[in-house]
Amino acid sequence: MELRTCALQALLIRDPQEKAQAARALHARATAGERDAAPLDTAAVLIPDTDPPGRPERPRLVEAVKVASRSPFTVEGRAALLHAIAHIEFNAINLALDAVWRFPGMPRDFYFDWLQVAAEEALHFSMLEAHLREHGKQYGDFDAHDGLWSMARRTEGDVLARMALVPRTLEARGLDATPPLQAKFAKAGDQRAVEILAVILRDEVGHVRIGNRWYRHLCLERGLDPIALYPELVERFEAPRLRPPFNLEARGEAGFSPEEIAYLSS
């Protein structure tokens with residue numbers, strides 16, 4: 001079946017484990033042969049039968065300020081923190097699959113890039129969920145918020161805004177947040193969590209680089225200045241303003257230019 005249609009079907013799956021398996025299987029099928037021969041209709045305008053994404057009944061979604069912060073130095077607190085990270089990764093699967101089906105007219109490589117991202121986010125979720133079970137919990141046992149997907153909704157009409165404000169803004173925040181989280185888990189004696197976060201950080205550098213690639217591609221195609229445009233998009237779409245500290249080394253590896261890093265630092 002055509003790959004963008006399959007991505008939409010995977011996005012609508014409600015069960016988290018089943019969705020993660022579907023995302024990884026779809027990427028494996030997409031890359032099993034020559035990319036040029038893969039069944040991909042870049043021009044198709046797809047219309048879902050129901051409003052995406054598919055979600056499980058739990059976790060309960062609440063306002064971000066109502067999600068309780070927990071200390072990583074108790075078993076319950078570590079479980080809650082692992083759950084929060086797993087929720088981010090589950091949403092990241094949805095975001096990558098959404099980019100594949102929602103935006104027609106992009107080059108073929110765009111869709112393969114985001115299928116790769118979906119598969120890697122699925123791996124992250126599965127590792128975190130398995131570790132969470134070692135703490136006697138499972139995904140859905142704690143409340144969560146919907147900040148990532150709310151930005152996806154605001155940018156659903158413009159692929160350029162999506163690239164600017166999801167991968168290279170909200171998801172890039174993970175580049176900054178992951179090393180301090182690793183330090184907390186290490187201090188709490190949870191070496192497995194530190195290892196999982198190392199995999200996530202490595203892959204997220206690539207994911208943000210993909211966001212940067214396609215943001216710049218679209219700016220060039222539309223004759224726009226990517227540096228000047230970015231703060232306009234932040235204001236227009238009410239994106240959160242990023243605050244230090246920033247992981248400047250990881251951001252450089254992810255393709256942010258010196259001018260963009262200087263903008264952050266200012």
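Q: Among contacts in the protein chain between residues at least 6 apart in sequence, what share joins residues at least 24 apart?

A: A contact means heavy atoms within 4.5 Å. In the protein chain, 81% of the contacts between residues at least 6 apart in sequence join residues at least 24 apart. This is a predicted model: local features need pLDDT of at least 70 and side-chain atom pairs count only at pLDDT 80 or more, while totals for chains, interfaces and linings use all residues. Residues are numbered from 1 along each chain as its sequence is written, and side-chain values use heavy atoms, with hydrogens and water left out.

Q: How many helices and strands does the protein chain have?

A: Helices (H or I, at least four residues) and strands (E, at least two) are DSSP runs, numbered from the N terminus. The protein chain has 11 helices and zero strands. Its radius of gyration, taken over C-alpha atoms, is 18 Å, close to the 18 Å of the globule rule (2.2 Å times the number of residues to the power 0.38) for 266 residues, so the chain is as compact as a globular protein of that length. Along its principal axes, the C-alpha trace spans about 50 × 45 × 35 Å.

Q: What percentage of the protein chain counts as buried?

A: Buried means under 20% relative accessible area, exposed over 50%, and partly exposed in between (1.4 Å probe, protein chains only). Of the 266 residues, 52% are buried.

Q: Is Leu 233 buried or exposed?

A: Leu 233 is in helix H9, which covers residues 226-236. Its relative accessible area is 1%, so Leu 233 is buried. Leaving out residues up to four places away in sequence, Leu 233 touches Leu 160, Ala 161, Ala 164, Leu 165, Tyr 215 and Glu 238.

Q: How far is Leu 233 from Thr 178, in sequence and in space?

A: The two are 55 residues apart in sequence, and their C-alpha atoms are 25 Å apart in space.

Q: Which residues does Thr 169 touch, not counting residues up to four places away in sequence?

A: Thr 169 is part of helix H6, residues 159-171. With 0% relative accessibility, Thr 169 is buried. Beyond residues up to four places away in sequence, Thr 169 touches Ala 164, Tyr 230, Pro 240 and Leu 242.

Q: Where does a polar atom of the side chain of Thr 169 lie relative to Ala 164?

A: That polar atom of Thr 169 is 2.7 Å from the backbone oxygen of Ala 164. Ala 164 is also among the residues that Leu 233 touches.

Conventions
Polar contact = N/O pair within 3.5 Å; in protein donor to acceptor, adjacent residues only side chain to side chain.
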